Amino acid sequence: TLRLICTTAAVQRKNVGASGPEKYTEAFIKKQIEEFNLGKRHLANMMGEDPETFTQEDIDRAIAYLFPSGLFDKQARPMMKHPTEVFPEQRKIQWGEDGRPFHFLFYTGKQSYYSLMHETYEKFLNVQKHQDQLTAQDLPLQKEKRNLAGSRWLTKIELEEMLLEKLSDDDYSRFIQLLEKLVALPYADMEENYIQKFSKEVPVQLQKVVIEPLQYDEQGVAFSTGEGKRKTARATAVVYDNGTGKITVNGTDILHYFPVLQDREQLLFPFQFLGRIGKHDMVCTVSGGGRSAQAGAIRLASAKALRSFVTEQEVEFMRQAGLLTVDPRVKERKKPGQEGPRRKFTWKKR
Amino acid sequence: DDKLLTEPLSHPDFFSVKELFTLKDLFDARVHLGHKRGCRHRFMEPYIFGCRLDQDIIDLDQTMQHLQLALNFTAHVAYRGGIILFVSRRRQFCHLVESTARACGEYAHTRYWQGGLLTNAHIQFGPGVRLPDLLVFLSTLSNAFEPHVAVRDAAKMNIPTVGVVDTNCNPCLITYPIPGNDDSPAAVELYCKLFRMTIIRAKDKRRQSEAVEELR
């Protein structure tokens, strides 16, 4: 360590906050692991259970039982975890007993990132050398394109997790550029294994919504179910074929459940749109929300159920009419300093 | 143990560094070629042999002497188990320098130099870091044709430096300057080969001496 000459006592006092987090040696971590295993067996003995089959969940339960704590923050309560979870990986000391660091790029500061760049560049040079050899022998260059559509590179956060080091956006973009250059070379297939470590497959997402087929009950009547929601209301509707236009909500008729005309109009809108007013029966259950919210939820549920009875073109018409879209509007929260979501307090001149 | 450390110091060329290179090798690797006359640094004038068609030619006799001193010094540092850090900010040779360092078992830094690496090491790396005992510059200039920050920092931290100085570099703060070309790939490959051979030789000699001591 450095010894300063001709300075004040204030400067020589150790600045605790300035130095980074504490570093741990390998030997220290090993000792902690041994102590943890011994402690686990003692704990199992105390609880009267088998020391061999004592899992982490058992440890957590035992500690919660032996040291009950009413603290709100779960991480402030006493816990007994494996040392590898308690002491993070990157904080281990990176040099040996004689002081020589283990990694040859230690003095750069970002050793894992720069060693990754070094390796990738080495693969790049190998591929170029191979290519030059083949051009010297006058062999044709094969251009086999990799499947670019179904793969993506690792994100910055995933790369940080892999390297256990913080990266800047600039570093990350440079690494991706280098990978792109490597992939663009004709004979990049040689290093396929290496490249696959940094690419992930993106599953092709199905855009189409699957319309369920009709189900048939005991009498042979076709029916289908649908679910819908609006604000806090949740509804399920079962629409039967060969019906008379009877609609039952939570066991009661709609005239009794929805006295207001507007709500009944909402319920009938899908049927009226498709021109099937007197042709279907409906039984629905609804909970939560208010009067209008329940009506909107049942409307959505019935529209979803009717998709199975109807052609694809009519489904598209329903979608464009907005019958199949979940209404995203919910109650806006109240903000501090205001009386309501938008209403401000009364302004007084004095 | 004392004998191991004091014995090499009695010979002027304990590791026989002179036989690693000849004047012809330096000439073939185009080490004598400098930059144009307009780029010439005032303090490099003693090392320049002359100027041909506006291009400076470096005096290879002086280069031989300086190179021998520098390689001897690196060999002694490696013999005593010192940490050697290769520094170069040239993008073309970054990979070569890093591979050389790895082959020797020493360390390299050919990337962006963060300000407090040497001067603020205890906070950047942690308490108890060991700083490099020797800095070897394959090119003293940074990407912006200015003197590399590490030259000044090493002088501040009392770390000896060995550096290849071209005709546009400032040789003042470097303990063992080697006037020579730092731009041609052939020259840089020659330097890397020489440093690698000296360090490996010194380490082998150390291991042999230790084995001989243990047998006694």
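This is a predicted model: local features need pLDDT of at least 70, side-chain atom pairs count only at pLDDT 80 or more; totals for chains, interfaces and linings use all residues.
Buried area, as I use the term, is the accessible area that two parts lose on being put together, summed over both.

I begin with the interface. Chain A and chain B bury about 2500 Å² between them, and 58% of that area lies on carbon and sulfur atoms. Three residues stand out on the side of chain A: A:Arg100, A:Phe104 and A:Tyr107 account for 34% of the area that chain A buries against chain B, more than any other three residues. In terms of contacts, 26 residues of chain A meet 29 residues of chain B.

A:Arg100 forms a salt bridge with B:Glu106, and the closest N and O atoms are 2.9 Å apart. Helix α5 of chain A, residues 111–136, gives the most to the side of chain A that touches chain B, with 6 residues. By residue class, that side of chain A comprises 12 nonpolar, 8 polar and 6 charged residues.

I move now to the interior. In soluble globular proteins, nonpolar side chains tend to be buried together. Here, the largest nonpolar core has 39 residues, and those with the most contacts inside it are B:Val31, B:Ile84, B:Phe86, B:Val136 and B:Phe195. Several elements of chain B each supply at least two residues of this core, namely α3 (60–79), β4 (84–87), α4 (94–104), β6 (134–137), β7 (161–165) and α7 (185–215). Of the contributors, α7(B) gives the most, with 9 residues.

To see the packing around one of these residues, consider B:Val136. Beyond its neighbours within four places in sequence, B:Val136 is in contact with B:Thr74, B:Ile84, B:Leu85, B:Phe86, B:Val87, B:Val162 and B:Phe195. There is also a second, separate core of 29 residues, which includes A:Ala235, A:Ala237, A:Ile247 and A:Ile254.

B:His32 is found in the loop between α2 (23–28) and β1 (33–36) of chain B. Is B:His32 buried or exposed? B:His32 counts as buried because its relative accessibility is 11%, whereas the cut-off is under 20%. Residues up to four places away in sequence aside, B:His32 touches B:Phe27, B:Asp56, B:Ile57, B:Ile58 and B:Leu60.

Thank you for your attention.

Conventions. Residues are numbered from 1 along each chain as its sequence is written. Chains are lettered from A and ligands numbered from 1 in the order in which they are written. Side-chain values use heavy atoms; hydrogens and water are left out. A nonpolar core is a set of buried Ala, Val, Leu, Ile, Met, Phe, Trp, Tyr and Cys residues joined through side-chain atoms within 4.5 Å. Buried means under 20% relative accessible area, exposed over 50%, partly exposed in between (1.4 Å probe, protein chains only). Helices (H or I, at least four residues) and strands (E, at least two) are DSSP runs, numbered from the N terminus. Contact means heavy atoms within 4.5 Å. Buried area is the accessible area (1.4 Å probe) that two parts lose on being put together, summed over both. A salt bridge is a side-chain nitrogen of Lys or Arg within 4 Å of a carboxyl oxygen of Asp or Glu. Ala, Val, Leu, Ile, Met, Phe, Trp, Tyr, Cys and Pro count as nonpolar, Asp, Glu, Lys and Arg as charged, and the others, Gly among them, as polar.
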